[in-house]
Amino acid sequence: MLDIPLSALEVAMVQTGTRAVDTLRDTAAFAREMERLGYRRLWYAEHHHSPAIGAFPPVVLTAHAAASTSVIRLGSGGVLAPNHAPITLAEQFGTLAALHEDRIDLGIGRGPGTFEEAIARALRRGAGPASDAEYRQDVAAILSFLVEEVALGPLPEPWLLASSTAGAALAAALGLPVAIAHHIRPDNTLAAVEGYRAAFAPSRWCERPRVLLCVETVCAPTEEEAVWRAGPMNVVKAGLLQGLSQTPFPTPAQAAAHPFTEQERQALDGFRAQQAVGAPEAVVGRLAQLAGEAGADELMLATPVYDLGDRIASYELVRKYWGAATAP
């Protein structure tokens, strides 16, 4: 039996042929299913101005899911610090933690959440990208406001999201648990984890290094079916490789008919080889391998597939083959 806890990342894809309101309805159903299956936590990512991903604020989705669940931990994975005033984030997540004791996580990230420079500047009131120093100041201010200004009782559990050695180094310096975005930049994972553990300084938030590893995971009864279900996200990724942000989230049939270039196919195949896509035994084996290499304390699965039923089925298969549910 594998005893590393499993968690889930909700990306809130807006599927071709559906409306954003349909995606919102699905997020509540998905949260209830993740709780039923025994996943430890469910996080929501922040995105803006994308036809493939809903622009739904993580704090709103967290509140919505918390109202219809009772045990699973919920929060941001992540809310993007440069887009928000630190005290606002502290107030929002501090309030959620008071309403839902010991269930709220505040995962903080740095990226803009959009590939459109104009949208990024609008989010930041005309300001450009945050510098390393500004990001560090924002994270430190959020933590300070949580304790000094907002504390209404139980505090949210803060995490720092990292896809680079620099992000992991900041988590270590602040004494925060780190969530490694292997599903975004897998080539950086081992160096980021190694640097984090070597430099970690204990804090009131975390006494020892804690590593959550997020892996893109698509599981189906057969490898062929898993690859089919993973196809739509490949189209989105191919668009990003070309610098395009206006790529809708297609159906699996549309994805199968998409004319990928040879360069795109090679890049997508290379990326998939570093994730976990396939039949249950292969997926669980791959997840265990990645967790072992990184020394992860927890795995978070990102499963961007077209159909809600297929997405839930993927999580259910992984849970079934991973072992008995871990209590949150």
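How close do the axes of helix 5 and helix 6 come, and at what angle do they cross? Hello everyone, let's start our tour there. This is a predicted model, so please keep that in mind throughout. In this model, the two axes come within 12 Å and cross at roughly 40 degrees. Angles under 35 degrees would count as roughly parallel and 65 to 115 as roughly perpendicular, so helix 5 is oblique to helix 6. The crossing of these two helices is right-handed.

Who does the touching here? From helix 5 we have Tyr135, Arg136 and Val139, and they meet Leu170, Ala173 and Leu174 of helix 6. Sorted by class, that contact has 5 nonpolar residues, no polar ones and 1 charged one.

While we are on helix 5, which covers residues 132–150, let me point out leucine 146, which lies in it. Is leucine 146 buried or exposed? Its relative accessibility is 0%, and therefore leucine 146 counts as buried. If you want a sense of distance, go from leucine 146 to histidine 183: they are 37 residues apart in sequence, and their C-alpha atoms are 29 Å apart in space.

Helix 6 spans residues 165–174 and helix 7 spans residues 189–199; their axes come within 8 Å, with a crossing angle of roughly 20 degrees. Helix 6 is therefore roughly parallel to helix 7. Here too we have a right-handed crossing, this time of helix 6 and helix 7. On the helix 6 side you will find Thr165, Ala168, Ala171 and Ala172, and on the helix 7 side Ala191, Ala192, Tyr196 and Ala199. That contact has 7 nonpolar residues, 1 polar residue and no charged residues.

Tyr196 deserves a moment of its own. Tyrosine 196 sits in helix 7, and its relative accessible area is 0%, so it is buried. What does tyrosine 196 touch, once we set aside its neighbours within four places in sequence? Its contacts are Ala168, Ala171, Ala172, Leu176, Pro177, Val178, Pro209, Arg210 and Val211. For another distance across the model, tyrosine 196 and isoleucine 87 are 109 residues apart in sequence and 27 Å apart in space, C-alpha to C-alpha.

Helix 11 is residues 280–294 and helix 12 is residues 308–322, and their axes come within 9 Å and cross at roughly 70 degrees. These two helices are therefore roughly perpendicular to each other. Helix 11 brings Pro280, Glu281, Val283, Val284, Leu287 and Ala288 to the contact, and helix 12 brings Leu317, Val318, Tyr321 and Trp322. By class, we count 9 nonpolar residues, no polar ones and 1 charged one.

Stay with helix 12 for a second, as arginine 311 lies there too. Arginine 311 has a relative accessibility of 10%, so it counts as buried, the cut-off being under 20%. Beyond residues up to four places away in sequence, arginine 311 touches Glu10, Phe30, Thr303 and Val305. Arginine 311 and alanine 220 are 91 residues apart in sequence, yet their C-alpha atoms are 9.4 Å apart in space.

Next, the nonpolar cores. The largest has 69 residues, and those with the most contacts inside it are Tyr39, Val139, Leu287 and Leu299. As for leucine 299, leaving out residues up to four places away in sequence, it touches Ile4, Pro5, Leu6, Ser7, Leu213, Val215, Leu287, Ala291 and Trp322. There is also a second, separate core of 17 residues, with Leu9, Val11, Trp159 and Leu212 among them.

I'll finish with two details of the backbone. Most residues other than glycine have a negative phi, and most peptide bonds are trans. With that in mind, look at the peptide bond from glycine 77 to glycine 78: it is cis, with omega near 5 degrees. Glycine 78 is part of strand 3, residues 73–80. Then there is aspartate 102, which has a positive phi of about 60 degrees although it is not a glycine. Where is aspartate 102? You will find aspartate 102 in the loop between helix 3 (86–99) and strand 4 (104–109). At 54% relative accessibility, aspartate 102 counts as exposed.

Key
Residues are numbered from 1 along each chain as its sequence is written. This is a predicted model: local features need pLDDT of at least 70, side-chain atom pairs count only at pLDDT 80 or more; totals for chains, interfaces and linings use all residues. Side-chain values use heavy atoms; hydrogens and water are left out. Axes are lines fitted to C-alpha atoms, for helices over the stretch in contact, and angles run from 0 to 180 degrees between N-to-C directions. Helices (H or I, at least four residues) and strands (E, at least two) are DSSP runs, numbered from the N terminus. Angles under 35 degrees count as roughly parallel, over 145 as roughly antiparallel, 65 to 115 as roughly perpendicular and the rest as oblique. A crossing is left-handed if the near helix is turned anticlockwise from the far one by less than a right angle, and right-handed if clockwise. Contact means heavy atoms within 4.5 Å. Ala, Val, Leu, Ile, Met, Phe, Trp, Tyr, Cys and Pro count as nonpolar, Asp, Glu, Lys and Arg as charged, and the others, Gly among them, as polar. A nonpolar core is a set of buried Ala, Val, Leu, Ile, Met, Phe, Trp, Tyr and Cys residues joined through side-chain atoms within 4.5 Å. Buried means under 20% relative accessible area, exposed over 50%, partly exposed in between (1.4 Å probe, protein chains only).
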